[in-house]
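Morning, everyone. I have one model to walk through, and I will keep it quick.

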Amino acid sequence: MEWWKDAIIYQIYPRSFQDSNGDGIGDIPGIISRLDHLQALGVGAVWLSPVYASPNADNGYDISNYREINPEYGTMEDMERLIAEAGRRGIRIIMDLVINHTSTDHYWFRQSRDKNSPYANYYYWRHGGADGALPNNWTGFFGEDCWEFDPQRCEYYLHLFAKHQADLNYHEPAVLEEVKDILRFWLRKGVAGFRCDVINILWKDSLDNGKKRLALTGSEHYLSLEGTHEILRQLREVLDEYNAFTVGETVFVTPAQARDLCASDRRELDMVFSFEHMECDQWFLKWFKRKFRPRVFFECLTKWQQELDWNALYLENHDQPRSIPRFGSAGHWRESGKLLAVLLLTLRGTPFIYQGQEIGMVNFDFSRMRQLNDVESKNVEKVLRRLHIPQKLRWKIISRTSRDNARTPFQWEAGPGAGFTVGRPWLGINHNCESVNLAEQENDSDSIWSWYKDLAALRNGSEVLRRGSFTPLETGDQVFAYRRALGEEALTVVLNFSDKPARTALQGGVVRSSAGRDRFDGHLEPWEAVILD
Ligand code: ISL
Ligand code: CA
């Protein structure tokens, strides 16, 4: 049925969405109480970042029990109620499937410390070198070594992420069977599918040393290998029994690899999150920022639109800084927020709106390391210290890229707690919440929120926006324009990514203009977006 080609999907980071009991931590009853907001926005599905039992070394991406709900977030009954209440509003629930690694608190890992247990090979265990050397020269995603010594087993285990996240060993067939059971468990509860965390690194072909690189030494041994494709096809058999949907988070993926992962006849994934457009403002690694050049961004988006039949579209998520100051302009907050909404909701593919994006939330306004929670930021701070990088520069690097930028609590209303909590929030609330909040924008027909709602309704009601082809018309230094066409129908989108006005030769009747014009003469205001027919 491919419902996911017609739906707008909304990502919730549960810890920061809505607290219901005053402990300062977002929770499932809180999400349920806000379902009307999602319905008003017009979303067809919600992707929930992990809500499973977890000691929170990486806020839920370190799962200690796949069949339990983190008590901070509620109970299994709450989860079942969420699925039902969302369903009543026509909203499907998509779980986050984190199966590259588990928490070291997981039962499997604890058992695995004993070489004689049935779980002994569930993880990658290796001896170090005689001279205290690690088992190989690989480096991890969070800027640390990726081997940790376990005194009980007297061996090292592999962890490509934080040391509390041990990589599962898919050479042990029982691991895949366990995962299949977990899928069945949730599908039987009525979830519609999964967002699959770092899914293209599951299979490690060997643990040999890798070619030395600036980052991720060893990645040739696990990035997008045939073994992973094979695992995905096996999982698909289970998913197909329930007609379930999957979107894979695929790091460093190329268009050709992405095509293989989502080719419908290969039965692997339905679509993937690629990263190339998120790399337009950085040198190789996110820690090294470079000036955002719109043309590079347009060309990258165009390439992915053309090379893939179907894209997962996103400008934000819980790992990325907020999009307005990044691809738009803080000085033209409202205008650029609206323009980015048009971009997201008029490209070909399934749009994912990240919580807070629909009200133009921006990066945190913290000033000290102490205010951060993100394990990645903390690790990188340690690495930079070791390299004797001065404090000011360390903060500059970390504050611009920290994942906490996108993790501050949702700004429902002005005032302390922002309507998110009556208690002390687990992560600081942005001070701009006095002016940037949903309540304020609900009463303003010219707000970013009203614009999102309107555009989402436009897309939901327009087959050409949902299913039409994509043809680029202009990819300049400032203007991005493209046509969406289906049968006789066509719409043209023109976007001015600049603080300066622009001109284009394109013409048409105005379907929407973020500057509120009703006739278009080729002149665009700064950050204006128009949809023409
Ligand atoms: O955000 C990143 C680096 O800053 C990415 O490299 C990120 O680590 C990568 O996209 C994988 O992300 C996913 O898996 C991680 C988890 O921390 C992220 O939140 C999740 O989205 C490990 O499970
Ligand atoms: Ca709570």
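Start with a cut-off. Buried means under 20% relative accessible area, exposed means over 50%, and partly exposed is in between. Keep that in mind, because H221 has 12% relative accessibility and therefore counts as buried. One caveat before going on: this is a predicted model.

Stay with H221 for a moment. Where is it? H221 is in the loop between β11 and α6. Its side chain has a partner too. H221 and S206 are joined, side chain to side chain, by a polar contact of 3.4 Å.

What is the phi of V198? About 25°, so a positive value, although V198 is not a glycine. V198 is also buried, because its relative accessible area is 3%.

Is K211 buried or exposed? Exposed, because its relative accessibility is 55%. For a sense of distance, take K211 and L495. They are 284 residues apart in sequence, and their C-alpha atoms are 42 Å apart in space.

Now the ligand. How many residues surround ligand 1? The count is 19. The closest are D58, E249, K286, D319 and E376. By class, the shell around ligand 1 divides into 7 nonpolar, 3 polar and 9 charged residues.

For E376, a polar side-chain atom sits 2.5 Å from an oxygen atom of ligand 1. For H101, an N or O atom of the side chain is 2.9 Å from a ligand 1 oxygen. For R195, the distance from a polar side-chain atom to an oxygen of ligand 1 is 3.0 Å. How much of ligand 1 does the protein cover? On its own, ligand 1 has 500 Å² of accessible area, and the protein covers 93% of that. As for the site, the largest pocket is the space taken by ligand 1.

Back to backbone angles. H388 also has a positive phi, near 60°, and is a residue other than glycine. H388 is placed in the loop between α11, residues 375–386, and α12, residues 391–401. Is H388 buried or exposed? H388 counts as exposed, because its relative accessibility is 71%. So we have V198, buried at 3%, and H388, exposed at 71%. Both have a positive phi.

On to D131. D131 is found in the loop between β7, residues 125–126, and β8, residues 147–150. At 68% relative accessibility, D131 counts as exposed. What does the side chain of D131 do? A polar atom of that side chain lies 3.3 Å from the backbone nitrogen of A133. D131 and Y242 are 111 residues apart in sequence and 52 Å apart in space, C-alpha to C-alpha.

I93 lies in strand β5, residues 92–97. With a relative accessible area of 3%, I93 is buried.

K453 is in helix α14, residues 448–460. K453 is partly exposed, because its relative accessible area is 31%, and the in-between class runs from the 20% cut-off to the 50% one. From K453 to A86, the C-alpha separation is 18 Å, at 367 residues apart along the chain.

To recap. Ligand 1 takes up the space of the largest pocket, with 19 residues around it. H221 is buried, V198 is buried, and K211 is exposed. That is my tour. Questions, please.

Conventions:
Residues numbered from 1 in each chain as written. Chains lettered and ligands numbered in written order. Predicted model: local features only at pLDDT ≥ 70, side-chain atom pairs only at ≥ 80, totals over all residues. Heavy atoms only, no water. Near = heavy atom within 4 Å. Polar contact = N/O pair within 3.5 Å; in protein donor to acceptor, adjacent residues only side chain to side chain. Areas by Shrake-Rupley, 256 points an atom, 1.4 Å probe, with all protein chains shown as cover. 1 Å grid on protein atoms, 1.4 Å probe; cavity = no way out; pocket = protein on both sides within 12 Å on 5 of 7 lines; lining within 4 Å. Sits in = over half its atoms within 2 Å of the grid points. Nonpolar A, V, L, I, M, F, W, Y, C, P; charged D, E, K, R; others polar. Buried < 20%, exposed > 50% of the residue type's maximum accessible area, 1.4 Å probe, protein only. Helix = DSSP H or I, 4+ residues; strand = E, 2+ residues; numbered from the N terminus.
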